[in-house]
Every structure is written in structure tokens, then in C-alpha cells.
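Colleague: I am new to this structure. Please walk me through how to read it.

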Amino acid sequence: MTQVAIFSTKSYDREFLDIANVSNAHDLTYFEPRLSLDTVRLITGQTAVCVFVNDELDAETLSALKQVGIELIALRCAGFNNVDLKAAALLEIAVAHVPTYSPHAVAEHTVAMMLTLIRKTHRAYNRVREGNMSLEGLLGFNLKGKFIGIVGTGNIGRTVAEILHGFGCKLLAFDRYPDPDNMPVPVDFVPLKDLFAASDIITFHCPLTPETHHLINHAAIEAMKPGVVLINTSRGAVVDSAALISGLKSDKIGALGLDVYEEEADFFFEDISNRGIQDDVFARLITFPNVLITGHQGFFTREAMIAIAETTIANINAFEACGKPVHPVTLKQHIGA
Ligand code: NAI
């Protein structure tokens, strides 16, 4: 039985992890705070930590984890940009993640954001509730026949392609390691600059790495079609938020959908409605009528939560049995090799 300290716990994490931890195979201790250098002290005798997207696993925190006896970090998410993998390797702490839980959860949310923005249903919803049935300002456009650029054609990008193929879209893609034979539908792999120049809608499904940090900046937006619709459900720092604001102000960006935000760790997954938003960039973004932001909920479906919990427990089982999780994260993955 492994003693596991679970950080950033919400009611739904506990619900699904308790179900997956059949016959109480492991001793799970739930903590609400995020894991950081400050909260390492909550660990009392556990040998594994289970963490989520905004827990902080920098070199200093990892070293403190080592000192209290942590041998395994089990991420209950796919992305691992919040873990210093080099430091983890040096300290010989194993890192595991959940590479594929339900690409459909994120892909369907991505397409939901696209449809909402291009048909302006977020605005129609509020108008109709106030008795305003005017269509002024609600003119949309069809998805059929539009060029959609998909950046990152892994599990989620591929699923987005499959869904959009059904809408009759023309699909363009860019991937650092393209694998055209593995695409479920016809997709044209093109250089990134060509994808920017030709796409009516661009959606991001690449991991956050040093290479993709602020991939979407002023220059990239400049290279796009006027009125381009951008959707980011990958990681916040793939886009430069200040550049987005400039693009929205100049109407270069026609609409923007974000499920992730660079500084989200400070307030996502929390109810701050009584405090107000302290982040001025975020506050500016939500003033635009053509911006739709959701609080990192792409993964949040029943099916995905079941799969995440089951894979997390499987990682812990395997580590306990043979010292290696089912889905290890390696340094090689981080540098994109
Ligand atoms: P994946 O690993 O299956 O696919 C990522 C793809 O990006 C790979 O094909 C890879 O070759 C490509 N890639 C790597 N570096 C690139 C670069 N510099 N430029 C273009 N492509 C590059 O990952 P998956 O499952 O499709 O997830 C993608 C991302 O979505 C994750 O890294 C995570 O950050 C994010 N995510 C967001 C969720 C949400 O709730 N909003 C939930 C799950 C994942």
C-alpha cells in the first residue's frame, strides 16, 4: 500500500479517485492547497504525491520533496510543464502522467468554443434573457468550407481534426513531429507561417515547451488573416496575452476563445467573485464581446475524470510493484524529442 498525498483537491477529485482506489489499495490523504515549497510540510510519511496542472514542482520544491521521502510524482493530467524534469531526474524522483484520458473531452470543448464564438451564442444567451431578440451584431459565419489550422496533432489535435472534418472544414496542420499517416481524416501539413496565413480559425494543441512559449506573439498575429479566430485550450503561456489584447483592439483577431491563461495558477479553479479580479490583463480580456474564457474545464467530463483517476491509480500500482509507473514522463519528452 502506497501512502499518497493528494494536492489541489476538489470534491470531484476525491469522488473519482476514491472510486478508482478499489479495495483501498493505497492510503490517499487529500489536501486542498496547491503543492509548493510552503505546503511540502503537509506531507507526513507519504512516499508519493498526486498533483494537478497548477501545482508548483520547481527544483527547490522537488528537493524538499526528496528530503521528506517522496519517490513518485503522479500527475493527474497530461501536461507536465509545471515539473522541473531535469531536477526530478537528478533527485531520482519518478514522474508519471495521464497521457490520454479522453482527447474527446478537450476536443469537443474546443469545438464548442469555436461554435459559440462564430455564432455568438454567448451574447444571444444574455440578450434573450433581457427580452432583446435583436439580431444586430450577431452575424456569424459557416464552419463548412473554412480553413482551420491545427497546431499540434497529437491525441487532442487529431480528435479536433476528426470532428471538424464532419463539419466540412478544410484542415491545415503544423506539428513539430508530423505523422500524416496517423491522421484519421485528410489534413494538409504545412509550415507554421503558411498555416497562419491561410487559416480562418487556428486552434492550439501543442504542449508548453521552451519552443512553444509565446508561440503566438505580435509577429505571429501580424502574419494571420484579418478577423482570424484563435482558440487556445493547450496551456496559457503558448500565447502572449498582451499581444492578444493588441490584436483584439485592432480587430486583427475576430474572436478569441481561451480555456487556459498564462497566470491562471493564481485564481483558476477558485471562486473569487467576492474578491474581484486582480489580474489587469485578464480583466481587460473579458471586456471584449468577442472573447470567451472558460476556467480550464476542457478536461472536465465524467468520462475523462474516470479515466484520469483510473490511470493515476494504475501509475501508483505499477510504481509500487516494479519501481516504474505505467506512463512515465521523461526528460526526452520535455525537450520534444
Ligand atoms: P500529445 O502529446 O498527444 O500531442 C501534442 C502534439 O504536439 C504532438 O503531436 C507533438 O509532436 C506536438 N508538438 C510538440 N512540440 C510542438 C511544437 N513546438 N509545435 C507544434 N507541435 C508540437 O498531447 P495531447 O494529449 O494532444 O494534449 C495537448 C496539450 O493539451 C497538452 O500538452 C496540454 O497542455 C493540453 N491539455 C489541456 C487540457 C484542458 O483541460 N484544457 C486537458 C489536457 C491537455
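Predicted model: local features only at pLDDT ≥ 70, side-chain atom pairs only at ≥ 80, totals over all residues.

Colleague: How many bridges join β6 to β7?

Modeller: Strand β6 covers residues 147–151, and strand β7 covers residues 170–174. The two run parallel, joined by 5 bridges. Phe147 stands opposite Lys170 in β7.

Colleague: And how many bridges join β6 to β9?

Modeller: There are 4 bridges, and β6 and β9 run parallel.

Colleague: Which residues of β9 lie on each side, and are they buried or exposed?

Modeller: First the general idea. In a regular strand the side chains alternate between the two faces of the sheet. Now the case here. Strand β9 spans residues 201–204. Ile201 and Thr203 lie on one side, Ile202 and Phe204 on the other. All four are buried, with both faces of the strand covered. Buried means under 20% relative accessible area.

Colleague: In what sense do β9 and β10 pair?

Modeller: In the parallel sense, over 4 bridges. Strand β10 takes in residues 228–232. Phe204 stands opposite Asn232 in β10.

Colleague: Let us step back to the whole chain. How many helices and strands does the chain have?

Modeller: It has 12 helices and 12 strands. The radius of gyration is 21 Å, close to the 20 Å that the globule rule gives for 337 residues, so the chain is as compact as a globular protein of that length. Its C-alpha atoms fill a box of roughly 60 × 50 × 35 Å along the principal axes.

Colleague: What share of the residues counts as buried?

Modeller: Of the 337 residues, 50%. The chain exposes about 15900 Å², and carbon and sulfur atoms supply 53% of that area.

Colleague: What do the contacts say about distance along the sequence?

Modeller: Take contacts between residues at least 6 apart in sequence. Of these, 67% join residues at least 24 apart.

Colleague: How far apart are the mean positions of the positive and negative charges?

Modeller: They are 7 Å apart, with 27 positive and 39 negative charges in the chain.

Note on methods:
Residues numbered from 1 in each chain as written. Heavy atoms only, no water. Rg over C-alpha atoms; globule rule 2.2 N^0.38 Å. Buried < 20%, exposed > 50% of the residue type's maximum accessible area, 1.4 Å probe, protein only. Contact = heavy atoms within 4.5 Å. Areas by Shrake-Rupley, 256 points an atom, 1.4 Å probe, with all protein chains shown as cover. Lys, Arg positive; Asp, Glu negative; His and termini not counted. Charge placed at Lys NZ, Arg CZ, Asp CG, Glu CD. Pairing = 2+ DSSP bridges.
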